[in-house]
Structures are given as C-alpha cells and as structure tokens.
Amino acid sequence: FQVRVWEVARSIPPGKVATYGQIASLLPPPGGMDVKAYLAFGARWVGGAMAQCPDDVPWQRVINSKGEISERDGAGARRQRLLLEEEGVEFGERGRIYLKKYGWKGLEGGVIQETLF
C-alpha cells in the first residue's frame, strides 16, 4: 500500500497539492480490508505512508482536506510551507491553500494504473 501511495504522490506536479483522502480514493483498499472501513480510514492510512516516504517522494504536496498542512512538529510544518511556497503555492490568511486553484486534478482516468501494483 505504501508503495502505491508514494507512486501517486510522485505524480503530483510542482505547484499543486493533493489531499490524503484524494490519494486514498485513487487506490484500492489494502488486501483483505473491507471497502467500507477503507473509505472511513483511507486518509489516515495515506498519512501513515507519507510519514515513512523515501526522499524522492514530494511529501510536501500532500495536505489535509481543509487545505491545511497537517499538525506535526513546528519545524516540519514550517519546512512544508516553505517548500510549497517555493513551488508557487500561496497560503491564505488562515494558513490554508486554495484547493480550487492549487488542487491536483488526479491521475488520468481517475485510478492508478494496475501496472503499478
């Protein structure tokens, strides 16, 4: 599952962001997991995968559904914001990213290709 999450994250272009839930919706549930349970907790699974991603994954481009950087230690959140701003992503007064402008539209066809599995 983690490898699939990282492949999707690598597809997000500079200057765009995706939400944890958006990425979860592009992937099938991990083997043996009930679809209903996955729909309820998929975003958390994606968050867990992103917390362990390799260096070549643009982790900064994955944010929460409110358009905010998810809570973590202050240094990590500041670094994520800086990296996104360097890519041209702007933050509003409340520290939110305008998803209609910077939100990634997703993979072609809406679902990650089976060949990545």
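Okay, one definition before anything else: I'll say buried for under 20% relative accessible area, exposed for over 50%, and partly exposed for what falls in between. And keep in mind that this is a predicted model.

So, let's start at Phe-1. With a relative accessible area of 22%, Phe-1 is partly exposed, because that value falls between the 20% and 50% cut-offs. Phe-1 sits in the segment before α1, which covers 2–11.

Now, who does that ring talk to? Searching the whole structure turns up 2 aromatic pairs. One of them is Phe-1 with Tyr-38, and that's edge-to-face, with 6.1 Å centre to centre and 85 degrees between the planes. Tyr-38 is in helix α3, residues 35–50, so to speak a distant part of the chain, 37 residues apart from Phe-1. And is Tyr-38 buried or exposed? Buried, at 4% relative accessibility.

Then there's Phe-1 with Trp-45. Here the ring centres are 5.6 Å apart and the planes are at 85 degrees, so this pair is edge-to-face; the cut-off for that label is over 60 degrees. Trp-45 is in helix α3 and Phe-1 in the segment before α1, so the pair ties together parts 44 residues apart in sequence. Trp-45 itself comes out partly exposed, at 37% relative accessibility.

Okay, moving on to the helices. How do α1 and α3 cross? Their axes come within 9 Å, at a crossing angle of roughly 85 degrees, which means α1 runs roughly perpendicular to α3. On the α1 side, the contact uses Gln-2, Val-5, Trp-6 and Ala-9, and on the α3 side Val-46, Gly-48, Ala-49 and Met-50. Sort those residues by type and you get 6 nonpolar, 2 polar and no charged.

Next up, Trp-104, in the segment after α5, and α5 is 99–102. Trp-104 is buried, with a relative accessible area of 10%. What does Trp-104 touch, leaving out residues up to four places away in sequence? The list is Val-8, Ser-11, Ile-12, Pro-13, Lys-16, Val-17, Ala-18, Gln-22 and Leu-26. Take Pro-13 from that list: it's 91 residues from Trp-104 along the chain, yet the two C-alpha atoms are separated by 7.8 Å.

The charged end of Arg-81 sits over it, 4.2 Å from the ring centre.

That's me done, thanks.

Key: Residues numbered from 1 in each chain as written. Predicted model: local features only at pLDDT ≥ 70, side-chain atom pairs only at ≥ 80, totals over all residues. Heavy atoms only, no water. Phe/Tyr/Trp six-rings, centres within 6.5 Å; stacked < 30°, edge-to-face > 60°. Helix = DSSP H or I, 4+ residues; strand = E, 2+ residues; numbered from the N terminus. Buried < 20%, exposed > 50% of the residue type's maximum accessible area, 1.4 Å probe, protein only. Lys NZ or Arg CZ within 6 Å of the ring centre and 35° of its normal. Axes fitted to C-alpha atoms, helices over the stretch in contact; angles between N-to-C directions. Parallel < 35°, antiparallel > 145°, perpendicular 65-115°, else oblique. Contact = heavy atoms within 4.5 Å. Nonpolar A, V, L, I, M, F, W, Y, C, P; charged D, E, K, R; others polar.
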